[in-house]
Each structure stands twice: as structure tokens, then as C-alpha cells.
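Hello,

Here is the structure I promised to pass on. Please open it first, then read my notes below.

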Amino acid sequence: MEETVVHQDKLFSAVNYADKKLRNREFVQCEFVSCDFSKSDLKGNAFEDCTFKQCNFTMADVQDTGFRNAKFIGCKILGVDFTRCSKFAFSFSFTDCHLDYSNFYGAKLKKTVFKNCTLKDVEFSEADLGASEFLACDLTSARFSNTNLEKVDFRTAINFAIDPDGNKLKKARFSALNLGGLLYKYNLDIDDDN
């Protein structure tokens, strides 16, 4: 078994990891700028207190990968199965990211911040999103079923459809303008005009 290589306080810029295997690496307080991880195999690596800016993670394999306090800014993260990540190092924030078709089924995502992100067709069923924030996010066709949404901020989120009977919504925050996302199943004709 290879020894783990530790990278600390390093900047990785425009590195192409696409379709490559990256093994036995631990990154601590590193910054990745314009790196391409699309379809890369990141199994078993660890990223702690790392920031990713304008990186591409489309279809990356993150099995047993640890992300602790990872910040994603302006990243393309399409079709990533976050359920395969290490459960011991699992905390993120996402700003200006495209997370469409990603999977967070059953994930523990308490206090996660999603800001100005597209989350189309994302799977959040059975997840714990307690006290998370969806700030100016597009949740078109995102799935919420038996999801803990207690104290979640949806006030500026758009295009969501959440069944209040099938999810925990205590103290969740909504705007009067987006309440239609809670009533979709009744097929009501809600007029936004005053």
C-alpha cells in the first residue's frame, strides 16, 4: 500500500485531472483554481479546508473521498454522487455552482449553504438539510421526500416543489412569493399579480 502524500497550503491552478486516477492524497488548506476533475477517479482522497474556484467536477467518482469544510465557488459539479463520499469528512458550501443531476440521497447536510446555485434534478430524498440555506437557488425538479427541512431558508429559492406532508418542515422559511412550491400537488392556479 502506497504512503499517503500530504499537500498543505498549496495552490493548484489549471491542473487537468480529467479521466485520471488520483490516489493516496490528502489536501489541507489548499486552493484549486480552474482545475478539471471531470470523470476523474478521486477514490479515497481527503480534502480538508480546501477551496475550489471555477473547477469542473462533472461525473467525478468521489467514492470514500473526504470533503471537510470544502468551499466550491463557480464550479460545475454535474452528476456527482455525493452519497459515496466519506461520511466522516462531509461538509461543504456551494456558491455560484451548477450541481444539476447530483445525488445527496440520505446525506447529512446540516447547515449547508447553497448560494446562487442551480440544483436541477438533484436528489435530496431522505437527507438531513436542517438549518441549511438555499439562497437564490433554482431547484427545478429537485426531489425532496422524507427530507429533514427544519429551519431551512427557502425565501429566495425558485422552482421548488415540496410536499409538506412528506417532509419535515418545522420552522422552515419561505417568502409569500414562493409558497406555490408547497401547494403544487393541489394543482391550484396561483396568481402572482396583486
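These notes cover salt bridges, cysteines, surface charge and backbone angles.

Keep in mind that this is a predicted model.

**Salt bridges**

The whole structure holds nine salt bridges. Three of them are described here, starting with Asp41 and Arg23. Their side chains meet at 2.8 Å, N to O. This pair links distant parts of the chain, 18 residues apart. Asp41 sits in the loop between strand 4 (31–33) and strand 5 (46–48), and Arg23 in the loop between strand 2 (11–13) and strand 3 (25–28). Asp41 is buried, at 11% relative accessible area. Arg23 is partly exposed, at 30%. Both also belong to a network of salt bridges that takes in Lys43, Asp61 and Arg84.

Next, Arg68 and Glu48 form a salt bridge at 3.7 Å, N to O. Arg68 is in strand 7 (residues 66–73) and Glu48 in strand 5, 20 residues apart. Arg68 is partly exposed, at 33% relative accessible area. Glu48 is partly exposed too, at 27%.

Then there is the salt bridge between Arg143 and Asp121, at 3.6 Å, N to O. Arg143 lies in the loop between strand 10 and helix 1, Asp121 in the loop between strand 9 and strand 10. They are 22 residues apart. Arg143 has 35% relative accessibility, so it counts as partly exposed. Asp121 is partly exposed, at 28%.

**Cysteines**

How many disulfides are there? The count is zero. Take Cys55: the closest cysteine sulfur, in Cys35, is 4.7 Å away, which is too far for a bond, because a disulfide needs the two sulfurs within 2.5 Å. Cys75 is in no disulfide either; its nearest cysteine sulfur is that of Cys97, at 4.7 Å. Cys55 is buried, with 2% relative accessible area. Cys75 is buried as well, with 1%.

**Surface charge**

Look for a patch of positive charge on the surface: Lys108, Lys110, Lys111, Lys151, Lys170 and Lys171 gather there. Lys108 lies in the loop between strand 8 (90–95) and strand 9 (113–115). Its relative accessibility is 62%, so Lys108 counts as exposed. Lys151 is in the loop between strand 10 and helix 1 (180–183). Lys151 also counts as exposed, at 55%.

**Backbone angles**

Most residues other than glycine have a negative phi. Lys151 has a positive one, near 65 degrees. Phi of Ala131 is also positive, near 65 degrees. Ala131 is in the loop between strand 9 and strand 10 (133–135). Ala131 is partly exposed, at 31% relative accessible area.

Best wishes

Notes
Residues numbered from 1 in each chain as written. Predicted model: local features only at pLDDT ≥ 70, side-chain atom pairs only at ≥ 80, totals over all residues. Heavy atoms only, no water. Patch = residues over 30% accessible without salt bridge, like charges linked within 9 Å, V, L, I, M, F, W, Y side chains within 5 Å. Areas by Shrake-Rupley, 256 points an atom, 1.4 Å probe, with all protein chains shown as cover. Salt bridge = Lys/Arg side-chain N within 4 Å of Asp/Glu carboxyl O. Lys, Arg positive; Asp, Glu negative; His and termini not counted. Charge placed at Lys NZ, Arg CZ, Asp CG, Glu CD. Helix = DSSP H or I, 4+ residues; strand = E, 2+ residues; numbered from the N terminus. Buried < 20%, exposed > 50% of the residue type's maximum accessible area, 1.4 Å probe, protein only.
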